[in-house]
Amino acid sequence: MLRTALSTVLLAVLTPSTPMGDTLYPHLGQLGLNVTHYDLRLTVPTPGTPDLRSDTTLTLHAERDLPDVQLDYSGPAILNVTWNGQPVPHRRAADKLIIPLPLPAGQDVRLRVTAAGPAGGVPDPTLNITLGWQSVPATPTQPGANFTFSEPDGTRSFIPCNDHPADPATFTTTLTVPRGVTAVAGGTRLADHPNLDGTHSVTYTLTTPIPTYALGISVGTLDTVRRPDLRIGDQHVTLTDYFPTSIPDTVRAPYARTGDILTALSDWFGPYPFSTYGSVVVTPDLPALETATLSTMPVRSSRERVIVHEIAHQWFGNAVPLGDWSDTWLNEGFATYAELLWTQAQGQDTAPLLRGWRDRLRPGTRPLTATTPAQMFDATAYARGALALHALRTQIGDDAFRAFLHTYARTRAGQPTRTADMLHLTRTQLGPEAATLLENWITQPELP
Ligand SMILES: [Zn+2]
């Protein structure tokens, strides 16, 4: 038996690091690495330019023996890396920052990484956009701005991270910007203090774990619009929106409904997972993104339905993270279905929405689990995902559906979730008939 024990030890030492094993993004993340918290300090000396200084302390926990630490990173030049305060060697290879020190199972370490330089983005050939740190140059009518837009893997463009939703974490974000510039990040604002060099530093804290791509940061010349605090049962939620000063009232108007939408969705989904919410409007023509507690809303997306969709993602995607990128329908199906729940809460006809979803699938559909990155955000993920939930609701009735959504949001919060997990809950809570119905919607090539 000694022989076996010895070879086990040798194996533990020699087993190379492997990524998380995502079906669609096999290079992302490190298996067995758990980043529990990111303490992130970013300095933006000239908003609108890519110039960025970062000082990130990651609290790492090893869930298995790790021969080294391999973080996702494609950001500015590294200045220094410390391991529990001691300088350590590091190297960069293929969008990874590698620290060649073993981290035994069960051990924690505080890894601090400083970097400086221009932060670019990560090209996303599927969406034809650049992900990650965004720079919006100043124009004659609008001062420069920066913000994050990272789904699925853009956060690695500005901080080293375990850049996969299966490793959600809490965040403390401190932003240092020139005086007069507004800096906002996901979470609750803790402090805003002036510095002697003409800058000020603002700190936000997010104590509910979120996936790295959901970290929202925005820097620019912004109007801050504080809404009346929201009380839902014994829950207290502060609401604040941010608009570039040049944005007209017509674009700002739909955001006044945020509190009503949050209240209506809480009825269906259960308690709102955070204590603050708002939107930040950005000028580039990108999709809208549900950055946690601070949705990133392009001007074009400043419509009630999109606002509803991104609020729904605060439960589905942010609080309940994906276990694999092939399961994006779990995010998009729920968020799309929320549009119907809100329409209904308004006393409006939902038939046009249902027809619209079927129309979107007329050119073709597929089983709900994506097999290529191009399928992650296609019509099937959104429209078929929503229709599957509608079919389930129609079969089991509103009360059982509401109870199911509450249980799903509560029990899967912070738990990397896959289609199989949702099916398992369907079977245990709603019975085999409901599970079979949902399974048909998930697996059949054509629409059931
Ligand atoms: Zn969405």
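The entries go from the domains to the strands, then to the helices and a single residue.

**Entry 1: ground rules**

I am working with a predicted model, in which local features need pLDDT of at least 70, side-chain atom pairs count only at pLDDT 80 or more, and totals for chains, interfaces and linings use all residues. I number residues from 1 along each chain as its sequence is written. Helices (H or I, at least four residues) and strands (E, at least two) are DSSP runs, numbered from the N terminus.

**Entry 2: domains**

I looked up the domain assignment, which gives domain 1 (35-312) and domain 2 (325-443) for the protein chain. Such bounds come from an automatic or database domain assignment. Taken over C-alpha atoms, the centres of domain 1 and domain 2 are 28 Å apart.

How many residues of domain 1 are in contact with domain 2? I find 18 residues of domain 1 in contact with 20 residues of domain 2, where contact needs C-beta atoms, placed from the backbone, within 7 Å. On the side of domain 1 that touches domain 2, helix H3 (258-269) and helix H4 (304-312) each supply at least two residues. H3 gives the largest share of that side, 5 residues. By class, the side of domain 1 that touches domain 2 holds 14 nonpolar, 3 polar and 1 charged residues. Here Ala, Val, Leu, Ile, Met, Phe, Trp, Tyr, Cys and Pro count as nonpolar, Asp, Glu, Lys and Arg as charged, and the others, Gly among them, as polar.

**Entry 3: H4**

I then checked how covered H4 is, and 7 of its 9 residues are buried. A residue is buried if 20 or more other C-beta atoms lie within 10 Å of its own, exposed if 12 or fewer, and partly exposed in between, with C-beta atoms placed from the backbone. The buried residues of H4 are Val 306, Ile 307, Val 308, His 309, Glu 310, Ile 311 and Ala 312. Their cover includes H3, strand E21 (279-282), strand E22 (295-298) and helix H5 (328-345).

Why is strand E10 (residues 129-136) largely enclosed by the rest of the structure? I count it so because 6 of its 8 residues are buried. For pairing, DSSP must find at least two bridges between two strands. Strand E9 (residues 121-124) pairs antiparallel with E10 over 4 bridges, and Asp 124 stands opposite Ile 129 in E10. E9 and E10 form a hairpin with 4 residues between them, and Asn 128 in the turn has a positive phi of about 55 degrees. E10 also runs antiparallel to strand E11 (residues 145-149), joined by 5 bridges. Gly 132 has Phe 149 in E11 as its bridge partner.

**Entry 4: E4 and its partners**

I noted 6 bridges between strand E4 (residues 77-83) and strand E8 (residues 108-118), in the antiparallel sense. Asn 80 stands opposite Thr 114 in E8. E4 is paired antiparallel with strand E5 (residues 86-87) too, over 2 bridges, and Thr 82 has Pro 87 in E5 as bridge partner. The hairpin of E4 and E5 has 2 residues between the strands, and Asn 84 takes a positive phi near 50 degrees there.

**Entry 5: a sheet of 3 strands**

I looked up the open sheet with the order E3-E7-E6, which has antiparallel pairing. Strand E3 (69-72) and strand E6 (91-93) stand at its edges with a single partner strand each, so one side of each has no neighbour in the sheet. E3 and strand E7 (residues 96-99) are joined by 4 bridges, with Val 69 opposite Ile 99 in E7.

**Entry 6: H7 against H8**

The axes of helix H7 (residues 379-396) and helix H8 (residues 398-412) come within 6 Å and cross at roughly 130 degrees. Axes are lines fitted to C-alpha atoms, for helices over the stretch in contact, and angles run from 0 to 180 degrees between N-to-C directions. The contact is made by Leu 392, Arg 393 and Ile 396 of H7 and by Asp 398, Ala 400 and Phe 401 of H8. These residues divide into 4 nonpolar, no polar and 2 charged.

**Entry 7: Arg 427**

Last, I located Arg 427 in helix H9 (residues 419-430). Arg 427 counts as partly exposed because it has 16 C-beta neighbours inside 10 Å. Not counting residues up to four places away in sequence, Arg 427 touches Pro 432 and Ala 435. Its C-alpha atom is 9.6 Å from that of Leu 438, 11 residues apart along the chain.

Terms used. Two residues are in contact if their C-beta atoms, placed from the backbone, lie within 7 Å.
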